[in-house]
Amino acid sequence: MANNSFDFGMIGLGTMGRNLLLNIADNGFSAIGFDRDATKGQLLESSATKGTTVKSASSLAEMIQLLKAPRKVMMLVPAGPIVDSVINDLIPLLQPGDIIIDGGNSHYIDTLKRIDFLKDKKIHFMGMGVSGGEKGARFGPSIMPGGDIEAWKAVKQILEAVSAKVNSEPCVAYMGKAAAGHYVKMVHNGIEYAIMQLISEVYDVMKRGLNMSNDEMHAVFAKWNQGAMQSYLIEITADIFLKQDDLTENNRLVDMILDKAGSKGTGKWTSQDAMDLPVSVPTIDIAVALRDLSSYKDERVAAAALFQPVIKPMKNEEKVIQQLHDGLYAATIICYAQGLSMLAKASTELKMDIPLKDVVRIWRGGCIIRSALLEIFTKAYKKDKTLSNILLNKKVVSLVKKSNASLRKVIQLAVASKIPVTGLSSAIGYLDAYTSAQMPVNLIQAQRDLFGAHTYQRIDKEGIFHTEW
Ligand code: 6PG
């Protein structure tokens, strides 16, 4: 191809970068990529679909030179200092009006700093969340761009073409001002952590409480995925139970995986930022805390030897499975409610103007937390764009009213059996507190005033009061 003729450039050709670039090329755009590791460039070219225009550049300078102006350059590199170093490498090569997109899971505060840094240089910068893992990147992710509106307009056509589609609508939309793209993706991941925690607790109840085999759990999750609970996370959970271990005889892989969950930080950031806002997201907090606790394997083994908890088997399998279904359904709605209420608060508090109706709409396809529930939420936000909490929507109220008794029952059974259901319990606790017209914190105010003269408000008079207790 001639000089200045490529539509889109990608820096970082790991699985995500490569797959997204191949997706872009499959959609008729000419795509060029660069990675310091030349083998990744070779892999990009060898994986390209026949007839598409895909090139691996030998240097960053070559890639920039081959892009059409204004240059659209996206990076998919690990979050943190590498993003800054790539930006610094790009600055001397770019011209005013060019566009840099950070498509990684960057912390939104870093994104704000980068927006500020690039503003004077007249280079457009867009923080953008991309969800859907490797397959999503290749065949249709959910894309969450935010910030520079000019940059969004310039890449809209490409992003709409490559994104997942639901009812032919693209799963990409402008997520708001400043660092809104990365903020929305952060909260997406917080919800992801919370739902995964809930599913793992249901798995624990099935495995240790009901003594179910992997085949039986597969059948139950596969069935759940056909109904109201349909979601990507339920679907992959069903599949996971069937996977054989390649390294041993007659074992399922899931049983050979060590019970220590890793994390890259987005769940923790969600919790930290929720506390700063402040907004209450207890199931996300618990999900982070439990991943952390899982890493204390040796201590847990020692504590188990000391306390010797005996798991009491559960009876009435059919009934409990239905309760698990309904209970997980209720708790999952409550996780979304927490995350979405956080976005509602952040939208005004951090002046990002996040369009919640578009957030839930583009989460219906491509992303890790896509589920049938998001169709219901999309309708809810279409009716009321300013809904501060999805639990205030009538349809959602009716769903949670129908299913929360099962959540309570499951928690009772699990606690009696000594199976930890901290995430499920946090969800019902949130629901009960959120739907309490009266909370017991009048007593906390009394205590604070007694020991520290922190003052309190009264229910019968305006003003601030203090009492010599
Ligand atoms: C996605 C995922 C993706 C990544 C998570 C994993 O939306 O495609 O969320 O971004 O797999 O960040 O996060 P942890 O490693 O922290 O679990």
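**Exercise 1. Find which residues are closest to the ligand, and which helix gives the most to the shell around the ligand.**

Step 1. The ligand is surrounded by 14 residues, and the closest are S131, K185, E192, Y193 and K264. Here a residue is near a molecule if one of its heavy atoms lies within 4 Å of it.

Step 2. Helix α8 (residues 180-209) gives the most to this shell, with 5 residues. Helices here are DSSP runs of H or I with at least four residues, strands are runs of E with at least two, and both are numbered from the N terminus.

Before going on, a word on the model: it is predicted, so local features need pLDDT of at least 70 and side-chain atom pairs count only at pLDDT 80 or more, while totals for chains, interfaces and linings use all residues. Residues are numbered from 1 along each chain as its sequence is written, and side-chain values use heavy atoms, with hydrogens and water left out.

**Exercise 2. Find how far oxygen atoms of the ligand are from side-chain N or O atoms of S131, K185 and N105.**

Step 1. For S131, the distance is 2.5 Å.

Step 2. For K185 it is 2.8 Å, and for N105 it is 2.9 Å.

Step 3. Now look at cover: on its own the ligand has 420 Å² of accessible area, and the protein covers 80% of this. The areas come from the Shrake-Rupley method with a 1.4 Å probe.

**Exercise 3. Work out what surrounds D449.**

Step 1. Locate D449 in helix α20 (residues 441-452).

Step 2. D449 is buried and has no salt bridge; R448, the nearest side chain of opposite charge, is 7.7 Å away. Buried means under 20% relative accessible area, exposed over 50%, and partly exposed in between (1.4 Å probe, protein chains only). A salt bridge needs a side-chain nitrogen of Lys or Arg within 4 Å of a carboxyl oxygen of Asp or Glu.

Step 3. Look for polar partners instead. The side chain of W469 is 2.7 Å from that of D449, and a polar atom of the D449 side chain lies 2.8 Å from the backbone nitrogen of T455.

**Exercise 4. Inspect the backbone at P70, P278 and N211.**

Step 1. Cis peptide bonds join A69 to P70 and L277 to P278, each with omega of about -10°.

Step 2. N211, although not a glycine, has a positive phi of about 55°. N211 sits in the loop between α8 and α9 (214-224) and is exposed, at 66% relative accessibility.

Conventions:
Lys and Arg count as positive and Asp and Glu as negative; His and the chain ends are not counted. A polar contact is a pair of N or O atoms within 3.5 Å; within protein, one must be able to donate a hydrogen and the other to accept it, and residues adjacent in sequence count only if both atoms are side-chain atoms. Contact means heavy atoms within 4.5 Å. Lists of a residue's contacts leave out its neighbours within four places in sequence.
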